[in-house]
Amino acid sequence: MGFMGGQEAPVLVVEERSYTVPPSGGYYELQPYPRVRRRGGLWLSLTGSFFIFIFIIIMLLSVCAGFLLWPSQPVVELKRWKLDGITIDQRHDGKSIFPVVDFNVTLDVLLEIKNRNFAGVEYDYWRTRILYRDSEVGDVKLKGGSIRARSVVRVPAVINLETRQILENASELWMDYVNRRLPLTTRIQFIGALQFFFLKPHVEVNLSCDVVVDPKDKVILKEECGLDF
């Protein structure tokens, strides 16, 4: 059939599309995503591992150096304690009904000091106190000196305590003297500083020795020495 004006009617084209539905439970396998290779990745990994290794080495060296160089207290030992002379005189001074005892003693002492550090030690002095039954009967301060690193020195000294008047424990002192068993305590204090680079750590060692001596024969009957804390 024709149309007016002699024109033909347009042709309607119908497009048909078909889809295939996958069965239940099916899936599609996707292609792997292409990896992009980064430049310098291996270099960065090696550099990081190298710095970690260097850091561990530095820490280990620091610990070892601290263990070897960290300052420690010198070892102080009393190598010789010899009673060279002792006199005990009992008298009345007219001020008290109790007698006064004049106590004179001379000691020959040898002190050994071991410096285990890798730095020298400058000690100001070492002080010796003599006690009888916890009562101080003498105090002597001896001059200081120096000790080289990793060395041992022996310091001899003659301690002379002259005419110390004792009121407390005077009767006991006299009886101990007569019975030839005199208990004495020697306390030695070592004061100094360690020459540790730009630091000067304080060094203090206290040594105590309890002895029982025969004042007439000047023989040590008993001796116990150790650090005094």
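Q: In which helix is Ile57 found?
A: In this predicted model, Ile57 belongs to helix α1, which covers residues 41-69.

Q: Which residues form a nonpolar patch on the surface together with Ile57?
A: The patch consists of Phe50, Phe51, Phe53, Ile54, Ile57 and Ile58. Together these residues have about 580 Å² of accessible area.

Q: How is a pair of aromatic rings described?
A: Such a pair is described by the distance of the centres and the angle of the planes. A search of the whole structure finds two aromatic pairs. One of them is formed by Tyr123 and Phe190, with 5.0 Å centre to centre and 35° between the planes, and this pair is tilted.

Q: Which parts does the pair of Tyr123 and Phe190 tie together?
A: Tyr123 lies in strand β3 (residues 121-132) and Phe190 in strand β6 (residues 182-194), so the pair ties together parts that are 67 residues apart in sequence.

Q: Are Tyr123 and Phe190 buried or exposed?
A: A residue counts as buried under 20% relative accessible area. Tyr123, with a relative accessible area of 9%, is therefore buried. Phe190 is buried as well, at 0% relative accessibility.

Q: Where does the charged end of Lys141 sit, and over which face does Arg150 lie?
A: Here the position is given relative to an aromatic ring. The charged end of Lys141 sits over the ring of Tyr125, at 4.4 Å from its centre. Arg150 lies over the face of Phe118, 4.9 Å from the ring centre.

Notes: Residues numbered from 1 in each chain as written. Predicted model: local features only at pLDDT ≥ 70, side-chain atom pairs only at ≥ 80, totals over all residues. Heavy atoms only, no water. Patch = residues over 30% accessible without salt bridge, like charges linked within 9 Å, V, L, I, M, F, W, Y side chains within 5 Å. Areas by Shrake-Rupley, 256 points an atom, 1.4 Å probe, with all protein chains shown as cover. Salt bridge = Lys/Arg side-chain N within 4 Å of Asp/Glu carboxyl O. Helix = DSSP H or I, 4+ residues; strand = E, 2+ residues; numbered from the N terminus. Phe/Tyr/Trp six-rings, centres within 6.5 Å; stacked < 30°, edge-to-face > 60°. Buried < 20%, exposed > 50% of the residue type's maximum accessible area, 1.4 Å probe, protein only. Lys NZ or Arg CZ within 6 Å of the ring centre and 35° of its normal.
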